[in-house]
Amino acid sequence: MKILGVVLALVAGGCVSHSTGETEVGVLVCKIGLGCAHKGVQEQLYPPGSTNVFAPFIRDFYTFDTKVQNLEMTATTKGGDRNERDDLQFKTTDGNDISMDVTVVWTLDPKLIPSILQNVGTSTDEVKEKLVRPMARTLVRDVLNELDSESVYNSDKRFQKADKARQVLTQALAGFGVTIMQVILHEHRFAPEYEKVIHDRKLAEQRAEQLKSETEAVQQEALRNLETARGSVASDIAKAEGKLKQVSLQADAAFYAQQQNAEALIAERTAKAKAIAKRNEALRGAGGKAMVKLKVAEALEGKSILLVPGGSSGAAFNKMDVNKLIDTFKDEPAPDTSQGTK
């Protein structure tokens, strides 16, 4: 007991302080159970930004960074986790070899840090290299192997596979205290020969799309011109119809006026004819004879009247036959006035 007391006194006199960073948590490991709840990894977590003092030799203190981590597997040596080519290489369902840059975003569950220390590694970097990296390269590659060559160019299908890879990794690593937040698929590369074929085909497709767009543009222009022509023709037709209607109305008005004039003239002439007929009818009676005599008297008014002898020695003619009277006198010789009147 005295020896143990001396040892403890010596250990206590040489205690060492341990600190945690702003995003770190600490875990204590007791090599002997003296002063600890039990021997081994303790369940107690030491929060970020804390400083703690522990005896050396019989206590080990480990820190884990709980901030978001990125596992970057790329073909370039400048941006990835390795200074060598580290992108994922896989084969499509139609047999083409392809490589792709992949980033896995992950973090540690603070509550499971003691379990992580006991079962995986002694630091965040160790967890990354021993667990996250090998699992990610294997499981993400398995998911990408489900793509065909065409799907690699389809952003929607790539996104679907990235999400599926996240789900698969989450299921595989959740029990180890690792949370997978996102799997990001970056630039992809086919074999040079196939890349050229794809490039040429894409150029052909782009040219076809360009020609299609130009054709559609020409068709649209033709349709616009057709609609413009239709509008112009419709306008001309409307104007012609309006003019025709105007002329028709004018003709109808003129016809109606002439018709009214004709009807008025017919009515006037009919009235006159009826008046003449009535007068002729009236003249056929006694009153008509009197009117004739009156007219004869009016005609002879102011004129010289020649009395013609009658009887057996006179000229035999009807006194009222004026024409015959004139003819009788025209046939007699004119009297001789050279010897004077006797």
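Modeller: Let's start with a term we will need: a contact means heavy atoms within 4.5 Å. This is a predicted model, where local features need pLDDT of at least 70 and side-chain atom pairs count only at pLDDT 80 or more, while totals for chains, interfaces and linings use all residues. Residues are numbered from 1 along each chain as its sequence is written, and side-chain values use heavy atoms, leaving out hydrogens and water.

Colleague: Which residues does Leu 169 touch?

Modeller: Setting aside residues up to four places away in sequence, Leu 169 touches Val 104, Met 135, Ala 136, Leu 139, Val 140, Ile 180 and Val 183.

Colleague: How do I read a nonpolar core, and how many residues has the largest one?

Modeller: In soluble globular proteins, nonpolar side chains tend to be buried together. A nonpolar core is a set of buried Ala, Val, Leu, Ile, Met, Phe, Trp, Tyr and Cys residues joined through side-chain atoms within 4.5 Å. Buried means under 20% relative accessible area, exposed means over 50%, and partly exposed lies in between (1.4 Å probe, protein chains only). Here the largest core has 40 residues, and Val 102, Val 127, Leu 169 and Val 178 have the most contacts inside it. Helix 3 (residues 124–144) gives the most to this core, with eight residues. A second, separate core of six residues includes Cys 30, Cys 36, Phe 54 and Phe 61.

Colleague: Two cysteines there! What do Cys 30 and Cys 36 form?

Modeller: They form a disulfide, with their sulfur atoms 1.8 Å apart. The term covers a pair of cysteine sulfur atoms within 2.5 Å, and by this rule the count is one disulfide.

Colleague: Why is the disulfide called left-handed?

Modeller: Because the torsion about the S-S bond of Cys 30 and Cys 36 is about -75°.

Colleague: And are these cysteines buried or exposed?

Modeller: Cys 30 is buried, at 2% relative accessible area, and Cys 36 also counts as buried, at 17%. Cys 15, at 37%, counts as partly exposed.

Colleague: Where is Phe 57 found?

Modeller: Look in the loop between strand 4 (51–54) and strand 5 (59–65). Helices (H or I, at least four residues) and strands (E, at least two) are DSSP runs, numbered from the N terminus. Phe 57 has a positive phi of about 75° although it is not a glycine, and with a relative accessible area of 67% Phe 57 is exposed.

Colleague: How many helices and strands does the whole chain have?

Modeller: The protein chain has eight helices and nine strands. Of its 342 residues, 25% are buried.
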